[in-house]
Amino acid sequence: MKILAVGDIHYPRYAQEFKEALSTLERPDLFLLAGDMINRGAAEEFPNVLDIIESYLGKGFPIVGCFGNEEYSEVRKKILSLVRKRIDILDEQSKIYKINGLKIGIIGTQGSLDKPTNWQRENIPNIKKAFERRADRASNLLRKIRKKADRRILLMHYSPCLETCEGKDLRSFAWLGSKKFYAVVASEQPDLVIHGHVHNSDVHAAMIGSTKVRNVAFPAVGKITELDLWT
Ligand SMILES: [Fe+2]
Ligand SMILES: [Fe+2]
């Protein structure tokens, strides 16, 4: 199964590089978008990202996304109304896709931070609780689809582990990801975790037990991540 995954295009910031990267690729079985596809809540730009993908790869494969911190909460409804028919944005939701004879269960979430940013603390009520609830919710969803899906993918924006943040000052992990999500992944062991948000890491792949973890943030990886799995 050919999976393409990318995050942090921050359209239009990396639009040109994104086009160049897409021009070398072929149509996948599944395309995952790990959040921060737009910049500073500019909802009306989201369809441009999908236009670019379609112009290089065509249609007819599922595109599945989660929200990043740049898809501000107050514009998420607007984003969904603009792109609902072209992409499944899973916001603390799961969906099972039948691809190449396999049932692929995907859970999408923004993820959590150990330490909310100052902005989040000032603007989002009970943010710490909300972050904890997100990890619990992801854990429940992973458990719920365990028997229904042949493979499980956790698609998130923030990182679930330190390993794919290497190259950053690790003391800043609290602003990149969440230890609670690490525990969720370690205990639930989905087959794959895709995340973005970490723009400067040197190490993009890691394992948590038997779970493959990939940071697909475009500024870090410099290309769209290609995975060939479960063949
Ligand atoms: Fe980003
Ligand atoms: Fe981000």
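1. Two residues are in contact here if their C-beta atoms, placed from the backbone, lie within 7 Å. With that in hand, take the contacts in the protein chain between residues at least 6 apart in sequence: 73% of them join residues at least 24 apart. Please keep in mind that this is a predicted model.

2. On the overall fold, the protein chain has 7 helices and 11 strands. Its radius of gyration is 16 Å, close to the 17 Å from the globule rule for 231 residues, so the chain is as compact as a globular protein of that length. The C-alpha atoms fill a box of roughly 40 × 40 × 35 Å along the principal axes, and 39% of the 231 residues count as buried.

3. Helix α6 (residues 179–188) deserves a look. Its buried residues are Phe-181, Tyr-182, Val-184, Val-185 and Glu-188. Viewed down the axis of α6, these fall within an arc of 160°, so they line one face of the helix. As a reminder, an α-helix has 3.6 residues a turn, so residues three or four places apart point the same way.

4. What do the buried residues of α6 pack against? Their partners are α5 (127–144) and the strands β7 (151–156), β8 (192–195), β9 (205–208) and β10 (211–215). Just after α6, Gln-189 has a positive phi of about 50°.

5. One of those strands, β7, is mostly covered, with 5 of its 6 residues buried. Strand β6 (residues 102–109) runs parallel to β7 and is joined to it by 6 bridges; Gly-108 has Leu-155 in β7 as its bridge partner. β7 and β8 also run parallel, joined by 3 bridges, and Ile-153 stands opposite Leu-192 in β8.

Definitions and conventions:
Residues numbered from 1 in each chain as written. Chains lettered and ligands numbered in written order. Predicted model: local features only at pLDDT ≥ 70, side-chain atom pairs only at ≥ 80, totals over all residues. Helix = DSSP H or I, 4+ residues; strand = E, 2+ residues; numbered from the N terminus. Rg over C-alpha atoms; globule rule 2.2 N^0.38 Å. Buried ≥ 20, exposed ≤ 12 C-beta atoms within 10 Å, placed from the backbone. Arc of directions from axis to C-beta. Pairing = 2+ DSSP bridges.
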